[in-house]
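This briefing is meant for a reader who is meeting the structure for the first time.

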Amino acid sequence: PPYESLSSLLSEISMSPETDHVEPNLADGISMWCSREDLLHPSQQYLAKLTLHDSPAADLGLVASTASTILPESGADNGDEEKEDFLDDPSVAVLDPCVTLDVKRITEYPHPHPQLQGMTKKLVRYKRESDGVELTAKLYLPPGYDKERDGPLPCLLWAYPKEFKSREAASQVRGSPHTFAEVGGTSPLVFACDGYAVLDGPGFPIVGEADEEPNDTYVEQLVDSAKAAIDHVAGKLGVVDRNRVAVGGHSYGAFMTANLLCHSDLFCCGIARSGAYNRTLTPFGFQSEERTLWEATDTYMSMSPFLHVKKMTKPILLIHGEDDTNSGTHTMQSERMYAALKGAGVPCRMVILPHEKHGYRGLESVLHTVAETEAWLERYCKNGGGSSSSSD
């Protein structure tokens, strides 16, 4: 569909005395916060004034905030060259693209992450060579980075695969270069402060059209997507050192990380958090896979990095909550994967966070996760390039 999210209006229902019909009781001239996204333009959020009779709704202006875009329609498709006007400003402002480009600020929020002020953000677009699917990713560069002076950077690629039934759906533009960069406790963006380029949320679509099942070619599509992303930021843009690219993810992203380290040599190391690695332990389906282990045995086996650990040579950090209650990612998944990796001689480390479930909430757990990840990247990505062979 052309719009992935639609605005909604809650209203009381009343009986109209003129028509004797039930009609919504709406206030003429009410302002609504709307959101739209289509195949050609990034997500936009804007204010619109509702009129009830023959006049259509009038846009009051595009809105820039922590979760929205400030971008006139005429400038929405500039690819890598889009300007990051509001990356450093968490306040909400209104822009009327039809009248003036002047911004009217309606809030005054202090920057919650002053260490990240000056960070560069771009929405990069590229194609997957194998099937031409168009992909997007958010590229963050450290504050003060100068390509000519600093050269190519070590990079952390953080992703989460998603299944699609058509190439068109997989190619939709997602994200915007004009949104404020919010950073959570375990967000990969914190590593931009440490001199890394961060490729956040690059497209990893797993496509199966018509009667094809997406996961039957899961590994091949995964590797093709990773190669396309690295070729773009390292080759075309020249801001990333392709020999120092780490891969990471949470949950299904951790599963992706282990598979990429097993089936490609694109990465120097990996960080896998709260993942599942043996699909025989989820025999009745996972993610969007509805077939059982007995109906799609070959697919389950080929997708299980646990069964391919002897192909892995680069270091991997496993992190898991001790009390993970997610049905597909019991803590045992990381424990068994760690034992298999050690047995195969793969450089690895496992961290179990006490009292944590699928996501990490405790201050100690969040800080420990960041510290472990920073040390791992420092050792195997920024300085080591995945050359060590020890396990912890």
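A charge is said to sit over a ring if NZ of Lys or CZ of Arg is within 6 Å of the ring centre and within 35 degrees of the ring normal. The model is predicted, and in it Arg279 lies over the face of Phe255, at 4.4 Å from the ring centre.

**Arginine and aromatic rings**

- The charged end of Arg279 also sits over the ring of Phe286, where the distance to the ring centre is 4.2 Å.
- Phe255 belongs to a cluster, linked by ring pairs, whose other members are Tyr160, Tyr218 and Tyr252.
- Seven aromatic pairs are found when the whole structure is searched.

**Burial of strand 15**

- Strand 15, which spans residues 269-273, is mostly covered, with five of its five residues buried.

**Neighbours of strand 15**

- Strand 14 (residues 240-250) runs parallel to strand 15 and is joined to it by five bridges, and Ala246 has Cys269 in strand 15 as its bridge partner.
- Between strand 14 and strand 15 the chain passes through helix 4 (residues 252-263), in a β-α-β crossover that is right-handed.
- Strand 16 (residues 316-321) is likewise parallel to strand 15, with four bridges joining the two, and Gly270 stands opposite Ile316 of strand 16.
- From strand 15 the chain crosses through helix 5 (residues 297-302) to strand 16, and this β-α-β crossover is right-handed.

Key: Residues are numbered from 1 along each chain as its sequence is written. This is a predicted model: local features need pLDDT of at least 70, side-chain atom pairs count only at pLDDT 80 or more; totals for chains, interfaces and linings use all residues. Side-chain values use heavy atoms; hydrogens and water are left out. Buried means under 20% relative accessible area, exposed over 50%, partly exposed in between (1.4 Å probe, protein chains only). Two strands pair if DSSP finds at least two bridges between them. A crossover is right-handed if, with the strands pointing away from the viewer, the path from the first strand over the helix to the second runs clockwise. Rings of Phe, Tyr and Trp (its six-membered ring) pair if their centres lie within 6.5 Å; planes under 30 degrees apart count as stacked, over 60 as edge-to-face and the rest as tilted.
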